[in-house]
Structures are given as C-alpha cells and as structure tokens.
Amino acid sequence: MPMHLFGPLARRPLLVVALLTAALLVALPAVVSAQQNPELPPRQFWGSNDTVTVDGQPWDGSTIDVIDEDGNVVATVERESMGWSVVIPNDVDSFRFRARNNSVSELYELGPAHVEPDFVLTIGGPERPVREVALLTGFNFVVWTGHTQDIDDALETFPDTSELSAIFEYNAEDQNWDSYRPGLPAFAQGISDLRAGVAYYLLVKSALTWEMPSDGALTGTRTIAAGFTAIGWAGPDATPQEVLDAVADSGAVRALFRFNATTQRYESYRPGLPEFAQGIRAINAFDVLFVHATSPTTITQ
C-alpha cells in the first residue's frame, strides 16, 4: 500500500515549512497582480417602484432604458412586483435614464463598481420644455430641438400627423434626400430617428403649430461637406458674417441659402457681394441654412 505523502513530511517539520514558504512565494505575484488589477463589478442601481416618477407622475411600469450621451441603449431597467434594478456596464462614461415617452433623467457620471441602493429615480420634470414652431402649408425647414430619438416616438408630439405628408433630410455625404412618409413600413423609410440639432424639411397639408420638445443637446461641431450641407443654426440671432465666423474654413463657403416658407423660395447670401445684392441680411435662431462649400470644413456653435 503506497505511503501517504504527508506521513514522511510530518516527521520533517523544517522541510514542510520550507515547501510551504516556497509555494507562497510562487503564488504571491499572482495574488498581488489580481489585487492591483481587479475585474471590477458593473455599476448597480435599485430602488422601490413607488419612488420612480416620470414627468412628475408615478411610474406606470412602462420600459425605462439607460442611454449613453449619443442616445444608444446600454441597459434596461428590470421591474419586479415591489422594486426595480439595473446593471450598467463600466465602459459607459456617462448615462441617463429614458422613459417610454422619451423624457430623460439628469446626466450621471459615476465611477466603476458604483452601487446605489434605495435610489430615487426622477425622469423628466412636471413638464417637458417645448418651443412653438409655426408651420405653413407646403414645405417648411425646421431644426429638431428634442433629444435624439426614434422618429415615430418623436412624432407623438406632432399636433396632427394626418396633416403631415413627408419629412426629408438632406444627406450631405450622398448629396441626396432621405425621406420619411407616415404610414409606410419601416423598411421603406429612409429616416429612422430625429437627431438633436439636425435640419429637416417638412411637407404639411395645412398651417399648424408644433410644440416641439427643446431638451436636446444642440451645441457642438458639425461637418460641412464639399457641395451642399443643411445646417441648423442653434446660436443666437446673428449676421451672415457672424455665422461664417463660426466656420473653421470660411473661405471654403461660396454661399448660404435659406428657404422662405412664406414665398416657398430660397434666399441667398454670397460672401463678397455688396449688401444690396444679398437676399439674407439677418439669421435667426433655428434658421436652416444650406451651406455651399468647395471643400470639407466644420461649423461650431
């Protein structure tokens, strides 16, 4: 019968101590390395269903997503009978909670492995901020000032979609128009989202007023392509020259065009022409400008 290993070793205490010490020294670097570079658990939030409010009202149990700064869904809240919870990946730098009606919470920027028990989740406010956009019969250029969201969800704020014939977006990369037409299936639509600060061309059957959400992130730098690019001016009222001053390479701009919904015609501004020859003398907040450029550049607002 083979002798048990620990039998002889037990009679040699110094040898046992030496072997155990050697084993610990071998394992020590791995232990230290694991302590220095731990795989951190994700951030976790949970709380009572009774403490969740959406636009000042109790949560009705509809879907709440967690989105990053670009509006991408990174997690979804899990609801149980008495409480809710969510796990948020550590590689998301900042995030918001977004309700089914597209209201959002404040922006959170928390470190990895952050845990929030008994969290009081507040989404939106008593009222979502809006601005009145007057639309005339025919074509109208508008800047979407809500946060980026699915176009069908965004149009829930539209006063009467039966009066909306189509929405167009100019694709500067292709120098062509994409479109959305109410009633067509999703695969036939060229526009899936309304994006914050982006210009859209609406064809409506009658004059109406759109109480458009105004909680989107509108400032930042946007690309101007060689050719034509539709840019929504999100700055304060300005002169054409002040708009050109916001362009990185203003020398690349040959002209600015603006559609007049009243006349259903374009007006223009061409750098270098005298003032009496210009069709655009002033530019208002949320005007849409077609920028004609000879080479790519950017505009920062």
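Arg258 forms a salt bridge with Glu267, in which the closest N and O atoms are 3.1 Å apart, a salt bridge being a side-chain nitrogen of Lys or Arg within 4 Å of a carboxyl oxygen of Asp or Glu. The structure is a predicted model, in which local features need pLDDT of at least 70 and side-chain atom pairs count only at pLDDT 80 or more, whereas totals for chains, interfaces and linings use all residues. Residues are numbered from 1 along each chain as its sequence is written, and side-chain values use heavy atoms, with hydrogens and water left out.

Arg258 also forms a salt bridge with Asp287, with the closest N and O atoms 2.9 Å apart. Because Arg258 lies in strand β21 and Asp287 in the loop between β22 (265-269) and β23 (288-293), this pair ties together parts that are 29 residues apart in sequence; helices (H or I, at least four residues) and strands (E, at least two) are DSSP runs, numbered from the N terminus. Through shared partners, salt bridges join Arg258, Glu267 and Asp287 into one network. Arg258 is buried, with a relative accessible area of 14%, and Asp287 is likewise buried, at 16%, where buried means under 20% relative accessible area, exposed over 50%, and partly exposed in between (1.4 Å probe, protein chains only). Strand β21 itself spans residues 253-260. Leaving aside neighbours within four places in sequence, Arg258 is in contact (heavy atoms within 4.5 Å) with residues including Tyr266, Ile280, Ile283 and Leu289.

By the same rule, the count of salt bridges comes to four. Another of these salt bridges is formed by Arg100 with Asp153, the closest N and O atoms being 3.0 Å apart. Arg100 lies in the loop between β8 and β9 and Asp153 in helix α3, so that the pair ties together parts that are 53 residues apart in sequence. Arg100 is partly exposed, with a relative accessible area of 43%, whereas Asp153 counts as buried at 17%.

Pro89 lies in the loop between β7 (83-88) and β8 (96-99) and is partly exposed, with a relative accessible area of 29%. Although Pro89 and Ala113 are 24 residues apart in sequence, their C-alpha atoms are 9.0 Å apart in space.

Ala113 is placed in the loop between β8 and β9 (115-116) and counts as partly exposed at 27% relative accessibility. The phi of Ala113 is near 60 degrees, a positive value in a residue other than glycine. Most residues other than glycine have a negative phi. Asp118, which is not a glycine either, has a positive phi of about 55 degrees; Asp118 is found in the loop between β9 and β10 (122-123) and is exposed, with a relative accessible area of 65%.

Leaving aside neighbours within four places in sequence, Phe158 is in contact with Leu135, Leu164, Leu202, Val204, Leu208 and Trp210.

Strand β11 has a covered face, made up of Arg131, Val133 and Leu135, and an uncovered one, made up of Val130, Glu132 and Ala134. Six bridges join β11 to β18, and the two strands run antiparallel, strands being taken to pair if DSSP finds at least two bridges between them. Within β18, Leu208 is the bridge partner of Leu135.
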